[in-house]
Amino acid sequence: MKESMISVGIDIGTSTTQLVFCKMIIENTASAWTVPTVKIVDKEVLFRSDIYFTPLKSSDVIDAEAVKQLVLKIYEQAQMQPEAVDTGAVIITGETARKENAKEVLEMLSGLAGDFVVATAGPDLEGILAGKGSGACAYSKAHSCTVMNFDIGGGTTNVAIYKNGDVIDAACYDIGGRLIKVDKQGKIDYLSEKVKALSAKMALPLVIGQMADVKDLKRITDTMAEVMVSIAERRNGAHIDLPSAQEILITNHDLKTFDPIEAVFFSGGVADCMIETTKPWHTYGDIGFLLGESIRIAFEKTKVKAVHADETIRATVIGAGTHTTDISGSTIHYDRALLPIQNIPIIRLTELEEKSDSKARVEAITSRVKWFISQSDQSLMALSLRGHKSYGFDALQALASDIVKGMRAVIEAKLPLIILVDQDLAKSLGLSIRGNLSPEYPVICIDSVSVDNGDYIDIGVPVADGQVVPVIIKTLLFGY
Amino acid sequence: MNETNLKSIIEQVIRELNVADEPSKANVSACPLNETTCDVPEITAYEMENYFEVPSAENKDAYLNYKKSTHARVGIWRAGPRYTTQTMLRFRADHAVAQDAVFTDVSDELIEKYGWLKLQTAVTNKDEYLTRPDLGRIIDDESIALLKAKAKASPRVQIYISDGLSSTAIEANGYDTYKAMEQGLKSHGIEVGTPFFVKYGRVPAMDHVSELLGAEVTVILIGERPGLATGESMSCYMIYKGKVGNPESLRTVVSNIHKNGTPAVEAGAHIADIIKRILSEQKSGVDLKL
C-alpha cells in the first residue's frame with residue numbers, strides 16, 4: 001500500500017529564487033504479521049523551476065509581492081494547486097536572510113503552499129539542506145565516511161559536514177560570486193563589507209565606481225579559494241599568507257569539529273562556474289567565474305578528493321523540498337482536530353530526571369515548565385522524553401501520571417498536551433496519559449522523533465490511513 | 001544394537017572424555033586465588049548487533065552500521081576454521097535460553113499475582129505437550145468447569161494468556177501487553193471478559209475457548225517458538241467468532257512482541273485498535289484488510 005506526499009521547496013536566495021516540487025513515497029515496510037512500520041521509501045523531484053533573479057525593492061529589501069507573484073506563476077507552470085501540496089519549506093537564505101522583511105515574505109508565502117509549510121532561514125540550515133540536495137549526505141552514508149559539502153552561492157558559501165549520513169557540523173563563510181559586482185564597462189558596482197575589509201587587509205585598490213583590474217579581483221578570489229582549501233584540509237587557515245582571511249570571512253561562526261574528511265562536494269551556482277570555462281569572466285557582471293576558476297585550481301593542487309555534485313545550483317532547494325519533512329513512528333496517539341500544529345517549542349528532560357523516582361520526576365517536569373513559561377511567556381510546549389525499550393505497563397502508568405502532574409500549568413491553560421518520545425512508546429503512553437485526564441482533553445503523543453531543548457516542531461495532518469504524521473524538526477543544534 | 005548396549009557405549013565414551021579432560025581442570029579458574037571477587041564478563045550481557053571482532057577491518061563503522069539491521073552472527077571472526085571461544089560460548093548460552101524458554105513453566109506465583117484463573121489443556125506434561133499437538137488444542141474437563149463457573153459468559157472480547165513454546169515470553173511480556181490492550185479497549189468502550197491463563201496451550205485452543213464462552217472476538221497471547229536471537233518473543237492471535245476446526249487463515253496475528261521487536265505495551269495499544277476493527281467489520285484473518 002503505497003501513498004505519496006507532495007512537498008514544495010522554495011529557496012529565496014541573495015541573488016536567485018527557485019522552486020521544486022517533490023513526491024515522497026511512503027509505505028508500510030513491515031510484514032503483514034507485525035506492527036506497521038511506515039517509512040519514506042522514495043523521493044522523486046517532479047518539477048524544477050527555472051532560476052529567477054530574486055525580486056528586490058532595493059539592495060536590502062525583498063519585494064514580497066513580486067516574490068508571491070513569481071511563486072504563483074511557477075505553481076501554474078508546474079500545474080500544481082496549492083491545496084495539493086502537503087508539506088514543504090520556504091528557505092530565505094544567504095545575505096537575504098538578514099534582510100528585515102524576510103518575515104513579511106514568509107507570511108506572504110505561507111498561505112500559498114498548502115497548510116503545512118514551514119518557514120525557516122539561516123545559513124547553517126541552508127548549508128545542511130544543500131549537502132542533502134547535492135548528494136554529499138547520501139555519499140557519506142553509502143561509503144560510510146565523512147564528507148564536506150561546499151555550497152557556493154552568490155553571497156555565502158555554506159559548509160556542512162556529514163558522517164555516515166548524519167550531519168555533524170556546519171558553518172558559513174562570506175565567499176560568493178556576487179560579493180563584487182561590475183557593470184558592462186568593467187567598473188565596480190558593488191563591494192560587500194567583508195570584501196572591503198579583505199581588500200583593505202591585502203592593500204588592494206578596489207573602489208566602487210572605478211575600473212576593476214582582473215588581477216586584483218583574482219587575488220581576492222584566490223584568497224577565498226585558499227580559505228576553502230584550508231577548511232577542507234581542516235587546517236584552519238594555518239598555511240594562508242593572510243591568516244586572518246578565514247576569520248574575516250566567517251559569517252557567524254567557524255566549524256567546531258576537526259575530523260579529517262574523505263571527499264569534498266561542490267554545489268551552488270559557483271560550482272557550475274568551476275567547470276564552465278568558455279565564457280568571459282564578467283558574463284554575469286560578478287566574480288562568479290573568477291571564483292570558480294580559483295577554487296578549481298586551488299583544489300587541483302591538493303590531495304582532497306573533489307566531487308562535482310549531482311545537483312549544483314538547485315542543491316539547496318532540492319534539499320528543502322525533500323529533506324525537511326520526516327514522519328513519526330507508526331503507533332501513535334493524537335486528536336485529529338489539533339493537527340496541523342506549528343512551531344511548538346520543546347523542553348526535554350535529562351536522562352537522570354527521567355529515570356528518577358516519581359516525586360523528583362514531577363518536580364523536574366514542573367520546574368522546566370515553569371522556567372519555560374517565565375522565559376517565553378507562553379504555555380504551549382512539547383515535552384520530550386527518551387523512554388526505553390522495556391517499559392512495563394505499571395511503570396508507564398507512573399510515567400503518565402507524573403507527566404500530567406508535572407505539566408499542570410499547561411493543563412490549567414487548557415492547552416493540548418504534546419509529548420514526544422524517542423522510543424516506540426507513544427500509543428500506549430498517550431492512552432495512559434488520557435486515562436489521567438478527562439476523555440475529551442486534547443493529547444498528542446508521537447514517537448521516533450529525536451529533538452532537544454530549544455528545538456521547535458511542526459506536526460502535520462496524518463497520512464497513511466492516519467498511522468503516521470509528518471513532522472518537521474527545526475533544530476537549533478547548529479545555531480540557526 | 002539394542003538400547004542398553006547403546007547406553008553403555010555412550011557411558012563409556014563419556015567416562016573416557018572426562019578422564020581426558022581432567023588434567024586441564026586445574027587451569028579452569030582464570031582468577032588468582034587470593035582475589036575475593038572474580039570479574040567474569042557475563043556472556044549474554046551484550047547485544048549481538050554490537051559484537052564485532054574482525055581485526056583491522058577496512059571500515060569498522062560501515063560494518064557496524066550494517067550489523068544494526070540483523071541479529072545474525074556476522075563479524076564475529078574465527079579461530080582457524082572454527083568459532084572463537086567467546087562466540088561459541090555465546091551461541092551455546094543463547095541456545096540454552098531458547099531451551100529454557102520451552103522447558104520451564106510460567107510461575108504459579110506470577111499467575112496468582114495477576115489474578116488470572118489457572119486452566120490447562122488436555123496435555124499433562126511437557127513431553128506430551130511437545131509430542132501431542134492435538135491435545136494442546138483442547139481445554140481439559142476440569143478447566144471447562146472452572147471457566148463455566150468463574151468466567152463471564154459471552155463477552156464481546158475474550159483475552160487469555162498461554163505459555164505456548166515460550167514461558168519466558170509470557171513472563172516478560174504477558175502482563176504488560178494484556179494491561180495495555182485492556183486500557184486501549186476501555187478507551188474504545190469495549191468490554192473485556194475474565195482473563196485467564198492456559199498451561200500447555202497451542203494456538204487453536206482459542207477456538208475451543210471461543211465456543212465454550214461464546215465470545216465475539218477471542219484473543220490469545222502466546223509464547224513463540226524461541227530462536228537464537230531471543231527467547232522472549234510473544235504473539236497475539238485474534239479470531240472473530242472462532243469455531244473448532246476453522247481454517248488458520250481466519251486468524252489475525254501480531255507477532256514479534258518483545259523488547260527488541262515491538263515493545264509489549266505499544267503492541268497492546270496497537271492490538272486494541274485491531275480488535276476494534278475486527279468488531280466493526282465482523283471478520284478477521286485474511287478477510288480483514290488492515
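Chain A is built from 15 helices and 21 strands, while chain B has nine helices and six strands. Helices here are DSSP runs of H or I with at least four residues, strands are E runs with at least two, and both are numbered from the N terminus. This is a predicted model, in which local features need pLDDT of at least 70, side-chain atom pairs count only at pLDDT 80 or more, and totals for chains, interfaces and linings use all residues. Residues are numbered from 1 along each chain as its sequence is written, and chains are lettered from A and ligands numbered from 1 in the order in which they are written.

**Overall build of chain A**

- The radius of gyration of chain A, taken over C-alpha atoms, is 24 Å, close to the 23 Å that the globule rule (2.2 Å times the number of residues to the power 0.38) gives for 480 residues, so chain A is as compact as a globular protein of that length.
- Along the principal axes, the C-alpha atoms of chain A fill a box of roughly 75 × 50 × 45 Å.
- Buried residues account for 50% of the 480 residues of chain A; a residue is buried if 20 or more other C-beta atoms lie within 10 Å of its own, exposed if 12 or fewer, and partly exposed in between, with C-beta atoms placed from the backbone.
- Of the contacts in chain A with a separation of 6 or more, 70% join residues 24 or more positions apart; a contact means that the C-beta atoms of two residues, placed from the backbone, lie within 7 Å.

**Overall build of chain B**

- Chain B has a radius of gyration of 24 Å, whereas a compact globule of 290 residues would have one near 19 Å.
- The C-alpha trace of chain B spans about 65 × 55 × 40 Å along its principal axes.
- In chain B, 37% of the 290 residues are buried.
- Residues 24 or more positions apart make 71% of the chain B contacts with a separation of 6 or more.

**Where the two chains meet**

- Chain A brings 20 residues to the contact and chain B brings 25 residues.
- On the side of chain A that touches chain B, helix H13 (393-406) and helix H15 (426-435) each supply at least two residues, and H15(A) gives the most, with six residues.
- That side of chain A divides into seven nonpolar, nine polar and four charged residues; Ala, Val, Leu, Ile, Met, Phe, Trp, Tyr, Cys and Pro count as nonpolar, Asp, Glu, Lys and Arg as charged, and the others, Gly among them, as polar.
- H15(A) packs against helix H9 (residues 264-281) of chain B at an angle of about 75°, with the axes 7 Å apart; axes are lines fitted to C-alpha atoms, for helices over the stretch in contact, and angles run from 0 to 180 degrees between N-to-C directions.
- H15(A) and H9(B) are therefore roughly perpendicular to each other, as angles of 65 to 115 degrees count as roughly perpendicular, under 35 as roughly parallel, over 145 as roughly antiparallel and the rest as oblique.
- A:Lys427, A:Ser428 and A:Leu431 of H15(A) meet B:Val265, B:Glu266, B:Gly268, B:Ala269 and B:His270 of H9(B).
- By class, this contact of H15(A) with H9(B) has three nonpolar, three polar and two charged residues.

**A helix pair inside chain A**

- The axes of H13(A) and H15(A) come within 8 Å and cross at roughly 60°, so the two helices are oblique to each other.
- Residues of H13(A) in this contact include A:Leu396, A:Ala400 and A:Ile403, and those of H15(A) include A:Ser428, A:Leu429 and A:Ile433.
- The contact of H13(A) with H15(A) has seven nonpolar, four polar and no charged residues.

**Backbone details**

- Most residues other than glycine have a negative phi, and most peptide bonds are trans.
- The peptide bond from A:Leu339 to A:Pro340 is cis, with omega near 0°, and A:Pro340 sits in the loop between strand E15 (333-334) and strand E16 (341-348) of chain A.
- A:Ala203 has a positive phi near 55° and belongs to the loop between helix H5 (193-201) and helix H6 (214-232) of chain A.
- B:Trp77 has a positive phi of about 60° and lies in the loop between helix H2 (60-67) and helix H3 (85-103) of chain B.
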